[in-house]
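The points are numbered and can be read in any order.

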Amino acid sequence: MLFEILTTGSMLGVLGTSYYYKTNLNNDADKILKIAENCGLYKKDEKIRLYRRNFNKEKKFTEYAFKIPLGLELKDFQDKYGKFKDGLNNRSVRRIILKDFKNLKLDRTLPMQIQAILNNRVRQNKEIEMEYDGMLIMRVYDEGMPAEMHYDDELLKKVKGWEVPIGVTFKEFVIHDFEGLQMLVIAGMTRYGKTVFLKNAITTLINNQPENVKFTLIDLKGGLAFSRFMACKQVNTVAKNCPETLAALEAIHRELLARQEHFLANGWEDIGEAGWKERHFVVIDEGAEIAGFEDREERLRATHLIGEIARIGAGLGYRLIFATQYPTADVFPRQVKANTSAALCFKLKNSTQSLVVLDRAGAEDLPVGLKGRAIYQTDREQLVQTPFIKNSFIDIKIKPHINFRARSEGTSAPFKATKEEEGGSYITKFEKA
Ligand SMILES: Nc1ncnc2c1ncn2[C@@H]1O[C@H](COP(=O)(O)OP(=O)(O)OP(=O)(O)O)[C@@H](O)[C@H]1O
Ligand SMILES: [Mg+2]
C-alpha cells in the first residue's frame, strides 16, 4: 500500500490518496495552461482554454480537453512535448511505503527511522499523450514508463505465432509480429540491450514455433552470446567470423534462389500461398563488423548477400534481424534499409546515427544508463522498456529443444560444430569436442 503526497501538500496529505488526486488535477491543468503560454502557444490574446477534465481511475490518467486558438495545430503542441513533460514532473513527491513501518528497529534510532520513512521522496514520473479530435486532448498518466520489465512465463503467454515481445509503454504491452513486418533493425550504443533483445526473440520463437522456425545466427562478437542456442535443433548455424558468415550466407542464398525457382514453377506468389510453415530467421549481431571485413571482396559479397535476403527473402519465408552498435550509412546494406519498416532503437551516440535508423533525430536523447529503454518504430512510434530475459530462464525454455547427441557432459562448450553441404544446403553437424 502506498500513499503519494505532493510536496506542497504537507502532512495533510497523509490523510489519503483522494487528497492527492484533487490537488494533482488542479495543478496539472494550471501547469499545462502556463507551459503553453510560456512556450508561445497562443495567438494574439487568445490562449488555450480548458474545456473538460475526466479522471480515469482504473487506468490512472486524467484527460484534459483544451480549445485551441485558430492557427495552432496538434504538431505545435507535440513539438513542445519535452517542455510539457518536464513541467508536469518538476516536483518530487513524498512516497510513504507502509511496509517500511514493519521493518522498524525498536532502539534509540526509532524517531530517525520514522522520519526517514516520512521523508522518502521520489521524482514524479508522469507521462503525457496528445491527440486532436476537434479539441486538443492531453492525457496525463500518473505513472510513466517502468524502469524495468522482466521476461517470465506470464509474458511468454502473451505472444503467439510469430510474435515477439518488444516491451511495455506507460500503458500497453507491445509486440512485433514477424509475419506482418518481416525485417527488424536493432541499433543502440554498447550495453543498452541489443543482444538481450535478440536472445528474447530467439527464445520466444523456439518456444512458440519449435517445429517451424529455423535459425542462422551470426554473432560477430565471437559467438559467445548465441553459443547457448547452438545445440537447439532449430539452429542451423552459429557463425562467429568472416569465413563462417560467408559460408552461412552463401548457403542461405543458394536455398533462397532454389526456393524462388520452385515457387515460380508452381505458380506460388509467396510462402503464404505455398502453404509452407517454415520460417528461417537470419539474426546478425554486430552487423558493423561485416563492413569491417578486411578483404574487400568478402566484405562486398557478405553485404550483397544480406541485401538479397532483405530484398527477396520475405516472400520466400526468410526473416532478418540486423543489430548494430554503429549505425552509420555505410554499415547498413542499402537493401536492408530500403526493405525494413521496423526498428528497435536504443540510445545512440548522436543525431546522425539516429537519422540513419529512425529517419529522425531523437534516439540520442534517450535517458543515460537506462538499459532496455528504446524507441520502437513501425508506421507509428512507441517508447518502450524491453523485457530483460535471464540466461537461466532461457536455458529452462530451450532445454526440451536441445539436440542431445550434440552434448557431452560437464562443459559449457561441449561440442564442435562442423558444416557439411547436403543437397544444396548446409547442415551443421555436432561432434563431441
Ligand atoms: N531490457 C533490459 N532491462 C534491464 N537490463 C538490461 C536490459 N537489456 C540489457 N540489460 C542489461 O544490460 C547489459 C548489456 O546488455 P546487452 O548485452 O544486450 O547490450 P548490447 O546492446 O548487446 O551491448 P554491446 O553492443 O556491447 O554488445 C545486460 O547484461 C543486462 O545486465
Ligand atoms: Mg551485444
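**Notes on the model**

1. The face of helix α3 turned away from its buried side carries two exposed residues, Lys 83 and Asp 86. Exposed means over 50% relative accessible area, buried under 20%, and partly exposed in between, taken with a 1.4 Å probe and protein chains only. Helix α3 covers residues 81–88, and Phe 84, Lys 85, Gly 87 and Leu 88 are buried in it. Seen down the axis of α3, these buried residues fall within an arc of 165 degrees, so they line one face of the helix. The arc is that of the directions from the helix axis to the C-beta atoms. An α-helix has 3.6 residues a turn, so residues three or four places apart point the same way.

2. On conventions: this is a predicted model, in which local features need pLDDT of at least 70 and side-chain atom pairs count only at pLDDT 80 or more, while totals for chains, interfaces and linings use all residues. Residues are numbered from 1 along each chain as its sequence is written, chains are lettered from A and ligands numbered from 1 in the order in which they are written, and side-chain values use heavy atoms, with hydrogens and water left out. Helices (H or I, at least four residues) and strands (E, at least two) are DSSP runs, numbered from the N terminus.

3. Which residues come nearest to ligand 1? Of the 15 residues around ligand 1, they are Thr 190, Arg 191, Lys 194, Thr 195 and Lys 221; a residue is counted as near if one of its heavy atoms lies within 4 Å. The shell around ligand 1 divides into 5 nonpolar, 6 polar and 4 charged residues. In that division Ala, Val, Leu, Ile, Met, Phe, Trp, Tyr, Cys and Pro are nonpolar, Asp, Glu, Lys and Arg are charged, and the others, Gly among them, are polar.

4. Oxygen atoms of ligand 1 meet both backbone and side-chain atoms of the protein. A polar backbone atom of Arg 191 is 2.7 Å from a ligand 1 oxygen, and a polar backbone atom of Val 196 is 2.8 Å from one. From Lys 221, a polar side-chain atom lies 2.8 Å from an oxygen atom of ligand 1. On its own, ligand 1 has 630 Å² of accessible area, and the protein covers 82% of it. Such areas come from the Shrake-Rupley method with a 1.4 Å probe.

5. The whole structure holds 12 aromatic pairs. Rings of Phe, Tyr and Trp (its six-membered ring) pair if their centres lie within 6.5 Å; planes under 30 degrees apart count as stacked, over 60 as edge-to-face and the rest as tilted. The centres of Phe 178 and Phe 281 are 5.0 Å apart and their planes stand at 80 degrees, so this pair is edge-to-face. Phe 178 sits in the loop between β9 (173–177) and β10 (183–187), and Phe 281 in strand β13 (residues 279–285), 103 residues apart. Phe 178 is buried at 0% relative accessible area, and Phe 281 is buried at 0% as well.

6. Another edge-to-face pair is Phe 263 with Trp 276, at 5.1 Å centre to centre and 85 degrees between the planes. Phe 263 belongs to helix α8 (residues 242–266), and Trp 276 to the loop between α9 (271–274) and β13. Phe 263 is buried at 2% relative accessibility, whereas Trp 276 is partly exposed at 29%. Ring pairs also link Trp 162, Phe 178, Phe 215 and Phe 281 into a cluster.

7. Where is Glu 129 placed, and is it buried or exposed? Glu 129 lies in strand β6 (residues 127–132) and is buried, with a relative accessible area of 14%. Its side chain has a polar contact of 3.3 Å with that of Tyr 141 and one of 2.5 Å with that of Lys 171. A polar contact is a pair of N or O atoms within 3.5 Å; within protein, one must be able to donate a hydrogen and the other to accept it, and residues adjacent in sequence count only if both atoms are side-chain atoms.

8. Most residues other than glycine have a negative phi. Lys 60, in the loop between β2 (49–56) and β3 (61–67), has a positive phi near 55 degrees. Asp 359 has a positive phi of about 60 degrees and is found in the loop between α13 (351–358) and β16 (373–377). Lys 60 is partly exposed at 43% relative accessible area, and Asp 359 is exposed at 57%.
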